[in-house]
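Try each task before you read its solution.

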Amino acid sequence: MLTLFNSKSYGWSLFLGHISTEKILKALYVKRHKEHAPFTHNLYRLAELIGLDLSDEYSDWLDEITSFNLNARYDDYQKEFNRLCTPDYTGNWIDKIKTIRTWIKEML
């Protein structure tokens, strides 16, 4: 995520932020439920299935971070998403992704 940000690949940087958040949520799911995590990219849904007590702020963040998965991967969304992904926008979301990942890691 940070390497892509530093190379100015902002959309892909946020995509990897989504993927890394998804993986850590799935690790928490496995830890708590002792079974394979569900096949979903929806971070809010994963948090819900885990039983996390989310603040409204974190709920909103997970919804927005989930959108980075679709927006970076599919041509229909990419052009508009790449316009949105300025250095400031991307840096702001990287900070939020780091915050939420740290919060999840504390539960592992």
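**Exercise 1: aromatic pairs**

Task: Count the aromatic pairs in this predicted model, then classify the pair formed by F5 and Y10.

Solution: Start with the cut-off, which is that ring centres must lie within 6.5 Å of each other. By that rule you get six aromatic pairs. A pair of aromatic rings is described by the distance of the centres and the angle of the planes. For F5 and Y10, the centres are 5.3 Å apart and the planes meet at 55°, so this pair is tilted.

F5 comes in at 22%, so F5 is partly exposed. Y10 has 14%, so Y10 is buried.

**Exercise 2: a pair across the chain**

Task: Work out what kind of pair F68 and W93 make, and where in the chain the two sit.

Solution: Take the geometry to begin with. The ring centres of F68 and W93 are 5.6 Å apart and their planes are at 85°; planes over 60 degrees apart count as edge-to-face, so that is the label here. Next, place the residues: F68 belongs to helix 4 (residues 56–73) and W93 to helix 6 (residues 87–105). Finally, check the cover: F68 and W93 are both buried.

One more thing to find while you're looking at rings: Y58, W61 and W103 are joined into a cluster by ring pairs.

**Exercise 3: a loop residue**

Task: Where is S7 found, and what separation do you get between the C-alpha atoms of S7 and F39?

Solution: S7 sits in the loop between helix 1 (2–6) and helix 2 (10–33). At 44% relative accessibility, S7 is partly exposed. From S7 to F39 you go 32 residues along the chain, and their C-alpha atoms are 31 Å apart.

**Exercise 4: the whole fold**

Task: How many helices and strands are there, and how does the radius of gyration fit a compact globule?

Solution: Count six helices and zero strands. Reading from the N terminus, the order is α-α-α-α-α-α. For 108 residues, a compact globule would have a radius of gyration near 13 Å; the protein has 14 Å, so the two agree. The C-alpha trace spans about 40 × 25 × 25 Å along its principal axes.

Now turn to burial and contacts. Buried residues make up 42% of the 108. Of the contacts between residues at least 6 apart in sequence, 62% join residues at least 24 apart.

Last, the surface and charges. The protein exposes about 6,400 Å², with 50% of that supplied by carbon and sulfur atoms. Its 14 positive and 15 negative charges have mean positions 8 Å apart.

Technical notes: Residues numbered from 1 in each chain as written. Predicted model: local features only at pLDDT ≥ 70, side-chain atom pairs only at ≥ 80, totals over all residues. Heavy atoms only, no water. Helix = DSSP H or I, 4+ residues; strand = E, 2+ residues; numbered from the N terminus. Rg over C-alpha atoms; globule rule 2.2 N^0.38 Å. Buried < 20%, exposed > 50% of the residue type's maximum accessible area, 1.4 Å probe, protein only. Contact = heavy atoms within 4.5 Å. Areas by Shrake-Rupley, 256 points an atom, 1.4 Å probe, with all protein chains shown as cover. Lys, Arg positive; Asp, Glu negative; His and termini not counted. Charge placed at Lys NZ, Arg CZ, Asp CG, Glu CD. Phe/Tyr/Trp six-rings, centres within 6.5 Å; stacked < 30°, edge-to-face > 60°.
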